[in-house]
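Hi everyone, thanks for coming. Please have a look at the sequence and the model on the screen, and then I'll walk you through a few spots.

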Amino acid sequence: MNLFIAEDEPPARERLIETLARVAPDAIVVGSADSVRGTAAWLAAHPAPDLLLLDIQLADGLSLELFRDARLELPVIFTTAYDRFAIDAFQAMAVDYLLKPVSEEALAQALEKWQRLRAQVGANIARWLAGAPPRWRQRLVGRKGAQQFHALPIGEVAYVVSVDKLAFAVTLDGGRYLLDQTLAELETELEPARFFRVNRQLVVAAHAVRQYASAGKGRLKLLLQPAGEVTVSQERAGAFKKWLEQAPA
């Protein structure tokens, strides 16, 4: 895995490299820059890396400018101290959007997400991220008991939870159904405008979020329908709020 890093603060760049070495020891940082212009120049002069790790606010502007008018087609994980760029970032082929300081867990989850996408869509990952796939899942097939299979319209699914590597769909009326796919596999088939992965074990539907409140230290506590509470980490809280604001009714 060859990565390029754009970060205009040397201490932050070193911390990111150190965190990367712990969560992905096989990763190779093939280049770095501290500006939009420097990033563009490096990418023009070298073979394309597998993945970009870009701070949004660089020394001479926003790294989002690299993706204007489809000038750049590479998957990217954005890092930033601000959450106001989340929507623009996901429109620019973002695999994920991480708030600083970037934790090991958040970076590991983002890299795992990129690896799953790459395994499913191969070299076309950037083009896949550039626009929605032609069809998102419209229903899930869940099982109750040994032989009872149920077709679950996606609008009735409140969340999908992973328990001991098994995935279960929980419906708005409280039904619980075993699924054949893993949570990681399903995440890439669910419409991201309607579903959000709040942690390693849970993907929630916007229509299942009844309310949320501060849980301290930048975290959020969600109240879900039909029942249950879940905490969103500080690293995911900003992106979650932006997602929920933009989710279709």
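Let me start with a question: at the start of helix 2, which backbone nitrogen does a side-chain oxygen of Ser-35 reach to within 2.8 Å? The answer is the backbone nitrogen of Gly-38. A word on terms: helices (H or I, at least four residues) and strands (E, at least two) are DSSP runs, numbered from the N terminus. A polar contact is a pair of N or O atoms within 3.5 Å; within protein, one must be able to donate a hydrogen and the other to accept it, and residues adjacent in sequence count only if both atoms are side-chain atoms.

Before going on, please keep in mind that this is a predicted model: local features need pLDDT of at least 70 and side-chain atom pairs count only at pLDDT 80 or more, while totals for chains, interfaces and linings use all residues. Residues are numbered from 1 along each chain as its sequence is written, and side-chain values use heavy atoms, with hydrogens and water left out.

Let's stay with helix 2, residues 36-45. Its buried residues (under 20% relative accessible area; exposed is over 50%, partly exposed in between, with a 1.4 Å probe and protein chains only) are Val-36, Thr-39, Trp-42 and Leu-43. Down the helix axis they fall within an arc of 130 degrees, so they line one face of helix 2; that arc is taken over the directions from the helix axis to the C-beta atoms. On the face turned away from the buried side you'll find the exposed residues Arg-37, Ala-44 and Ala-45. The cover over the buried residues includes strand 1 (2-6), strand 2 (28-33) and strand 3 (51-55), where contact means heavy atoms within 4.5 Å.

Five strands run in the order 2-1-3-6-7, with parallel pairing; strands pair if DSSP finds at least two bridges between them. Strand 2 and strand 7 each have a single partner strand, so one side of each is left without a neighbour in the sheet. Strand 3 and strand 6 (residues 76-80) pair over four bridges, and Leu-54 has Phe-78 in strand 6 as its bridge partner. Helix 1 (residues 10-23) lies across strand 1, strand 2 and strand 3, at about 160 degrees to strand 1. Axes here are lines fitted to C-alpha atoms, for helices over the stretch in contact, and angles run from 0 to 180 degrees between N-to-C directions.

Now for the cores. A nonpolar core is a set of buried Ala, Val, Leu, Ile, Met, Phe, Trp, Tyr and Cys residues joined through side-chain atoms within 4.5 Å. In the largest one, with 38 residues, Leu-140, Val-198, Val-204 and Phe-240 touch the most other members. Strand 10 gives the most to this core, with five residues. A second, separate core of 21 residues includes Trp-42, Leu-72, Phe-78 and Leu-99.

Finally, some backbone details. Most residues other than glycine have a negative phi, and most peptide bonds are trans. Here, the bond from Lys-100 to Pro-101 is cis, with omega near -10 degrees, and Pro-101 sits in the loop between strand 7 (94-99) and helix 4 (104-121). Gln-225 and Pro-226 are also joined by a cis peptide bond, with omega about 10 degrees. Asp-164 has a positive phi near 50 degrees, and Asp-164 is exposed at 73% relative accessibility.
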